[in-house]
Amino acid sequence: MEKMTLRIGTRASQLALWQANWVKSELEKKHPGLEVTLTKIKTQGDKILDVPLAMVGGKGLFVKEIEEAMLRGEIDIAVHSMKDVPTFFPEGLALRCITEREDPRDIVVLRPGFKSFRDLPQGARIGTSSLRRKAMLLHLRPDFQMVDIRGNVETRIRKLTEDNLDAVVLAAAGMHRLGFTGQIGEYLPTDVSLPAIGQGALGIESRIADTEVNALIDFFNHPETAAAVKGERAVLRRLEGGCQVPIGAYGEVKDGQLTLTGVVASVDGARFLKKTVVCKPEDSEKVGISLADDLIIQGAGKILNEVYKHETFNVGREDV
């Protein structure tokens, strides 16, 4: 009997390869007769490294080329960081699994000499490529100078010295996965820096019709994480958000209840809207859309129309 081979499509970054290799290892443990290979694919987001993500715009910067390879039959599944996955998929493809979440929080790596994020001096220089992080931190500390940085985890940490920064903000999950936990200066509470949508979870995308492959990978799906992330993505989908918009959402299932929080802010953090709801995990997508609608009524529609530079949302009297 011929040995079955399953081909994983992945970006070639250090973190993406760690994630794909973890999926490969788990598949081989679960299915001892399965041969799993990796196919490295360069995406548009990997090619454009000298421009802030917010200026590149568009959705699917880190997945489009991988999805095209799957549609051509060159790979069988794709492993993505959930925070990079658009809310809509090409015809024939779907997000099959969402894995159990790593630590979803943001962290700071501090310049030597600083012991605490809260002790950073007036006008401290903070490195990040995320508009969400910029808006959240400027809301907390309007005096911060936010500096755009791109690159892998090691590159961003190195920029502390190279760009004379006082702190760099990164995702805890990537630091843990790549073995940089010892360099974490501080974990930021979610009420200080609400995580990116899907942060810490991996998504496995496949062809809808490929029942044999889907049966092999279904064990990766983690119901509690999936419910939380689907609620977060419903907020994003309703607000039509991408890398160019300061939107955050975070859900957590505890004792059979999902607590879901959404944030929309202006880029400078001056206008800041936040709402938290509690619901059943199975209602996460419906409640995520409702939460987003409430934020629009509170004023998010006006903020987003300014960011998008066109009337995406009908702004009612409550939104003036």
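This is a predicted model: local features need pLDDT of at least 70, side-chain atom pairs count only at pLDDT 80 or more; totals for chains, interfaces and linings use all residues.

1. Of the 320 residues in the protein chain, 53% are buried, in the sense of having under 20% relative accessible area. The accessible surface of the chain amounts to about 14,700 Å², and carbon and sulfur atoms account for 49% of that area.

2. The secondary structure of the protein chain consists of 10 helices and 13 strands. Among these elements are five strands that form an open sheet with mixed pairing, arranged in the order β7-β6-β8-β5-β9. Because β7 (145-147) and β9 (186-187) each have a single partner strand, they stand at the edges of the sheet, and one side of each is left without a neighbour there.

3. Within this sheet, strand β6 (residues 125-127) runs parallel to strand β8 (residues 167-171), and two bridges join the pair. As for the residues involved, isoleucine 126 has alanine 167 in β8 as its bridge partner.

4. Helix α5 (residues 131-140) packs on the sheet, where it touches β5 (106-110), β6, β7 and β8, and its direction makes about 125° with that of β8. Helix α6 (residues 153-162) also packs on the sheet, touching β5 and β8, and the direction of α6 makes about 165° with that of β8.

Terms used:
Residues are numbered from 1 along each chain as its sequence is written. Side-chain values use heavy atoms; hydrogens and water are left out. Two strands pair if DSSP finds at least two bridges between them. Helices (H or I, at least four residues) and strands (E, at least two) are DSSP runs, numbered from the N terminus. Contact means heavy atoms within 4.5 Å. Axes are lines fitted to C-alpha atoms, for helices over the stretch in contact, and angles run from 0 to 180 degrees between N-to-C directions. Buried means under 20% relative accessible area, exposed over 50%, partly exposed in between (1.4 Å probe, protein chains only). Accessible areas come from the Shrake-Rupley method with a 1.4 Å probe; for residues, only the protein chains shown count as cover.
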